[in-house]
Amino acid sequence: MANNSSLSRRAALRQQQEQEERAAKNRRILGFGLGAVALAVVVILVVVVAQTIGKRQQAASEQLTPPNATSDYGILADAKKPVDGTPHVVIYQDFQCPACASYEQSFGPIISSLVDKGDITAEFRTAHFMDNNIGNDSSVRAALAAAAADEVGHYDAYHKAIFDAFAGNGYTEQQLRVEFPETAGITGEDLTRFQLLYDGKAFQDFVDGVANSMQADGVTGTPTYLVDGTKVEFTDTTEESVLTVITEAYQG
């Protein structure tokens, strides 16, 4: 017969074994719980990333048209629509075109003045074929930014800011998103909206449409100035001379 001492030792041993089994079970449960939590965190991160990507793709797919756009993918100078009895000038440009920058320097202020006086109306159709020639994407990004500037009511000033900064080496994101908007007077909520539309490429379809207009008008290069479908050339940098050339080409 076992004595009390032996019974106590066996009871203590069973108790120790039971404690070890419970501890092992608890570790397995804890490990499973932590694993489940980690998996849940991963799933949440994947969902958040997917939603973020989805929102960006959605923004890019929600295509807009600038408020002062024409049916042929131009943007009206000074937001003035063509009127009967007044010559309308169509200006094809590319923001990376050196000749366009030169023409803007010489004739841009004159065109702006004539539009302001009501002697003419004008629209800018901005191409981006120079990207292929140069091997960058500054033309299309600048065109997208200009369209976004029109959305917040600052197209003319932004258009001027781009060409004033022309250096023949493209445009940085800092220039397009921050510096040019500041120069054009885009601030506060307008700046936030401008950057959102630019970042989301909200006017990509509109900007791409200019290529179709160029083909329809038989335009093969920039800068090209058209009046009633007729290409006009300016040689004298006086307002009177420019208006005379435009008026002679106008068929009314």
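# Close-up views: figure legends

Lys80 is partly exposed, at 28% relative accessible area; "partly exposed" is the range between buried (under 20%) and exposed (over 50%), found with a 1.4 Å probe on protein chains only. The model shown is predicted: local features need pLDDT of at least 70, side-chain atom pairs count only at pLDDT 80 or more, and totals for chains, interfaces and linings use all residues. Residues are numbered from 1 along each chain as its sequence is written, and side-chain values use heavy atoms, without hydrogens or water.

View A. Asp78 and Lys80 form a salt bridge, with 3.6 Å between their closest N and O atoms. The term stands for a side-chain nitrogen of Lys or Arg within 4 Å of a carboxyl oxygen of Asp or Glu. Like Lys80, which is partly exposed, Asp78 is partly exposed, with a relative accessible area of 35%. Look also at Ala79, a residue other than glycine whose phi is positive, near 60°. Ala79 sits in the loop between strands E1 and E2 (88–94), and its relative accessible area of 40% makes it partly exposed. Helices (H or I, at least four residues) and strands (E, at least two) are DSSP runs numbered from the N terminus.

View B. Arg141 and Glu173 meet through their side chains in a salt bridge of 2.6 Å, N to O. Because Arg141 belongs to helix H4 (residues 138–151) and Glu173 to helix H6, the pair ties together parts that are 32 residues apart in sequence.

**View C. Helices H6 and H7 side by side.** H6 (residues 173–184) packs against H7 (residues 188–199) at about 155°, and their axes lie 11 Å apart. These axes are lines fitted to C-alpha atoms, for helices over the stretch in contact, with angles from 0 to 180 degrees between N-to-C directions. H6 and H7 are therefore roughly antiparallel to each other; the classes are roughly parallel under 35 degrees, roughly antiparallel over 145, roughly perpendicular from 65 to 115, and oblique for the rest. Their crossing is right-handed, meaning that the near helix is turned clockwise from the far one by less than a right angle. From H6, Glu173, Leu176, Arg177, Val178 and Pro181 meet Leu191, Phe194, Gln195, Tyr198 and Asp199 of H7. In this contact of H6 with H7, six residues are nonpolar, one is polar and three are charged. Here Ala, Val, Leu, Ile, Met, Phe, Trp, Tyr, Cys and Pro are nonpolar, Asp, Glu, Lys and Arg charged, and the others, Gly among them, polar.

**View D. The other neighbour in view, H5 against H6.** The angle between H5 and H6 is about 120°, with 8 Å between their axes. The two helices are therefore oblique to each other, and H5 passes H6 in a right-handed crossing. On the H5 side the contact (heavy atoms within 4.5 Å) is made by Ala157, Tyr158, Ala161 and Ile162, and on the H6 side by Leu176, Phe180, Pro181, Thr183 and Ala184. Eight residues of this contact of H5 with H6 are nonpolar, one is polar and none is charged. Leu176 and Pro181 of H6 take part here and also meet H7.

View E. Lys160 and Asp164 form a salt bridge in which the closest N and O atoms are 2.6 Å apart. Being four residues apart in helix H5 (residues 155–164), they are separated by about one helical turn. Lys160 and Asp164 are both exposed.

**View F. Val207 and its surroundings.** Val207 lies in helix H8 (residues 204–208) and counts as buried, at 3% relative accessibility. Beyond its neighbours within four places in sequence, Val207 contacts Thr126, His128, Val140, Ala143 and Leu144. Thr126 is 81 residues away from Val207 in sequence, yet their C-alpha atoms are 7.1 Å apart.

**View G. Two backbone features in loops.** Most residues other than glycine have a negative phi, and most peptide bonds are trans. Tyr73, though not a glycine, has a positive phi of about 70°. Tyr73 is placed in the loop between helix H1 (4–61) and strand E1 (75–76), and is partly exposed at 29% relative accessibility. Further along, the peptide bond from Thr222 to Pro223 is cis, with omega near 0°. Pro223 belongs to the loop between helix H9 (210–217) and strand E4 (224–227).
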